[in-house]
Amino acid sequence: MTSDKTPTASKQVGIAEAKPLNIHIGSILSRFFLRYGLILTLILVSLFFSIRTQAFASVDNLLDILRAVSILTIVALGVTFSVVVNGFDVSVGAVTGLAVILSSALMVIWGVPWYFAILICLAVGVIIGLLNSFLIIRLRIPDLLATLGVLYLVQGLQMSITKGDAVYKGMTNPWSPTREIAEGAIHPDFLFLGQGFILSSEVFRGVPVPVVIMFVIALVAFIFLEFSRFGRIFYAVGGNIEAARLAGIDVNKVRTMAYVISSVLATIGGLVLAARIGSGAVKAGDPYLLDAVAATYFGFAVLNARRANVFGTVLGAIFVGVMLNGLTMMNIPWYIQDVIKGLVLIVSLGLSYYTTRR
């Protein structure tokens, strides 16, 4: 019997069969790296630091990393809510700083009980969120410009509360004509929110309270956005606002809720920060803005979600924390850390926009 295919024809068939196979394998690898690439990168980076430093791979250091990123994560989750509805809130860093100064000043300068100080700060956070939504929704100012204006307004309020002074025990009262010593102090129960531990034992230092607060907020936000009807409404508004409006959704109400949640979470982050440092440092919340933005947009590319999501935001914040912790252990100069954070922001933005357009 003779073959009905000539050698040339067989070769052409082989090439034709191999080409789709190569394309298929390439497609699988592409999908794999788009879905798991950032998680794989985080694992490889962690392994690298574990090999290069002795103290990185330990439970205590893991908890230190989580505690270090806890405030960032809380603030970033607020940014996530604004991005979910296709908005953007750049006032979160200033709101975080305002909560630091206001809560400390209420307790130290005016002697307000710590729980009332928390309630007042949360109320101020709600007001700032309503102001952001009013400027964006009613006055139709672009979200970036509106929240940028609020950022400067809130920064000015920070300085005005104490006339530019930092807040600490034994400070002179800036509002007293005789500059007498303020008699108030930050209550220990308030400090527990930022410095406390739970589940402590003789052999275990315990879980930092800020980590617990972070995971509770992240869990509530995750359930809200991923498994509740309200979460689907939020994503519907962010996906196509006109379609959501035609479907009967009160889009202005949803966007208002998103900006209020963003400001309230930034306020909670500021309260935890004030409790951790035990004083009121001016503009203490400013560094959290870009980190929060980086963590939020990092989440777009995690599991190829192509949208802002709670899991991706938390993972993005942990990624930043792992990088800074590992570089610190390797005695990398502190000024290089900003370069690293900038690269993380650039890569996360690049991946998020790349995956969104595919």
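How many cavities of 30 Å³ or more does the count give? The count comes to 1.

This is a predicted model, in which local features need pLDDT of at least 70, side-chain atom pairs count only at pLDDT 80 or more, and totals for chains, interfaces and linings use all residues. Residues are numbered from 1 along each chain as its sequence is written, and side-chain values use heavy atoms, without hydrogens and water.

View 1. A cavity is a set of points on a 1 Å grid over the protein atoms alone where a 1.4 Å probe fits but cannot get out; lining residues have an atom within 4 Å of a point. Points are joined across faces, edges and corners, and the volume is the space filled by probe spheres set on them. Among the lining residues are Val95, Leu98, Cys121, Ile128 and Thr267. Helices H3 (92-108) and H4 (114-138) each supply at least two lining residues. Helices are DSSP runs (H or I, at least four residues), numbered from the N terminus.

**View 2. Thr73 in helix H2.** Helix H2 spans residues 59-84 and includes Thr73. Thr73 counts as buried because its relative accessibility is 0% (buried is under 20% relative accessible area, exposed over 50%, partly exposed in between, with a 1.4 Å probe and protein chains only). Leaving out residues up to four places away in sequence, Thr73 touches Met214, Val314 and Ala317 (contact: heavy atoms within 4.5 Å).

**View 3. Leu40 in helix H1.** Leu40 belongs to helix H1, residues 7-52. Its relative accessible area is 31%, so Leu40 is partly exposed.

Terms used. On a 1 Å grid over the protein atoms alone, a cavity is a set of points where a 1.4 Å probe fits but cannot get out, and a pocket is an open set with protein on both sides within 12 Å along at least five of seven lines; lining residues have an atom within 4 Å of a point.
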